[in-house]
Amino acid sequence: MYESYYGFYSKPFQLNPDPSFFFSSRGHRRAMAYLEYGLHQSEGFIVITGEVGAGKTTLVRSLLQRLDSSKVVAAHLVSTHLDADDILRLVAAAFGLPAKNVEKADLLLQIEAFLVKITASGKRALLIVDEAQNLTPRAVEELRMLSNFQLEDHALLQSFLVGQPEFRKTMQSEHMQQLRQRVLASYHLGPMDPAETRAYIEHRLGRVGWKGDPRIEPSAYDLIHAESGGLPRRINTLCDRLLLAGFLSDKHTLGAADVEAVVNEMREEQGPAATANFAGKHEGGVFFGNAAALPSVLSDPTTLARLVDAGAGFHASRLEDRIARLEQLLGAAIGLAVESSPTATNAEPRKEVR
Ligand SMILES: Nc1ncnc2c1ncn2[C@@H]1O[C@H](COP(=O)(O)OP(=O)(O)OP(=O)(O)O)[C@@H](O)[C@H]1O
Ligand SMILES: [Mg+2]
């Protein structure tokens, strides 16, 4: 809606973890360096934790995009609340192996044979488990068992576990001692500082053809950082609404007062709990979904007319979330279809399963 008004090719602040928008903040760069280090070790675990919306999935997708598929066979699975047998089934499916109605012992044999084949062909197998905070301790234990597979003295599988801060608690629990011994490195992805927040915003705007319109005043950047706590998803949500507000009020310069007005409007829409979240005082939860109730600007006939002219709804971002979710479900469905395909065993896919 505001894209054409500001001359953008597309929306700069979408909520999907699109690697083509990847910005290397200090934290993201370090986290990426840990993953690359792990990749070179070809064994054990790398653990990346990070606040909700800090950019973990974007990081993983960006790594996957850069991987040389002639050297690494990677499987990316997104964990819902998985128990031990489910995780093995998902690992098998994510590597393109048949997993439906297969006994656990056979699943393990199949996975091992597949990993041996990969290693013998001079490639490496990489398993990335996203949303690892949802794994039960038994599921984590199964992953540890997989990391024991060896061909002569080479480990067959390298694993990355990526999750929200709660996963650190799982890792620290008493039963996880054996897993901890196999962790090569772990890193916590924190928020961006004010200078990085500004650079992040300008980077995303630059990706869609921003040439300085709208001009964003330094004080606006500072307030965006303060209100978002430097977390990319919160920054995106706030900036999306800020640009929308700029378009609706026909502005080409946005200052702290505009940011404040948007934040207040969002607070009114979502109530005090969301406000606390947005200010970064609490962890967890989804904050300021763009699908909030329609903003109060709708009571103004001029802005309402502009909105109607634009022909789009305020629920666009929610729709994107749904589409992203549908894509994941579709990915899982494709995984199941691949399982029942006779050629599946030979495939070397890279797919996401939820
Ligand atoms: N380094 C980055 N460069 C560009 N955009 C980013 C970056 N990190 C995060 N984002 C953006 O922030 C939003 C949230 O990112 P992402 O989904 O990767 O977070 P997450 O840490 O996986 O969140 P969750 O804890 O909910 O799984 C997305 O819109 C994503 O595009
Ligand atoms: Mg994520």
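## Helix H9 and what follows it

Just after helix H9, Gly209 adopts a positive phi of about 90°, in what is a predicted model. H9 itself runs over residues 194-207, and the loop that links this helix to strand S8 (215-216) also holds Lys211. The 14 residues of H9 should span 20 Å at 1.5 Å a residue, and this agrees with its end C-alpha atoms, which are 20 Å apart.

The buried residues of H9 are Thr197, Tyr200, Ile201, Arg204 and Leu205. They lie on the same side of H9, because the arc they cover around the axis is only 130°. An α-helix has 3.6 residues a turn, so residues three or four places apart point the same way. The partners against which the buried residues of H9 pack are helix H10 (218-228) and H11.

Although 205 residues separate Lys211 from Tyr6 in sequence, their C-alpha atoms are 9.0 Å apart in space.

## The shell around ligand 1

Ligand 1 is surrounded by 21 residues, of which Gly55, Lys56, Thr57, Thr58 and Pro232 are the closest. Helix H3 (56-66) and helix H11 (232-248) each contribute at least two residues to this shell, and H11 is also one of the helices against which the buried residues of H9 pack.

Domain 1 (2-18 + 192-314) and domain 2 (26-191 + 327-353) each provide at least three residues of the shell around ligand 1.

Technical notes. Residues numbered from 1 in each chain as written. Chains lettered and ligands numbered in written order. Predicted model: local features only at pLDDT ≥ 70, side-chain atom pairs only at ≥ 80, totals over all residues. Near = placed C-beta within 6 Å. Helix = DSSP H or I, 4+ residues; strand = E, 2+ residues; numbered from the N terminus. Domains from an automatic or database assignment. Expected span 1.5 Å × (residues − 1). Buried ≥ 20, exposed ≤ 12 C-beta atoms within 10 Å, placed from the backbone. Arc of directions from axis to C-beta. Contact = placed C-beta atoms within 7 Å.
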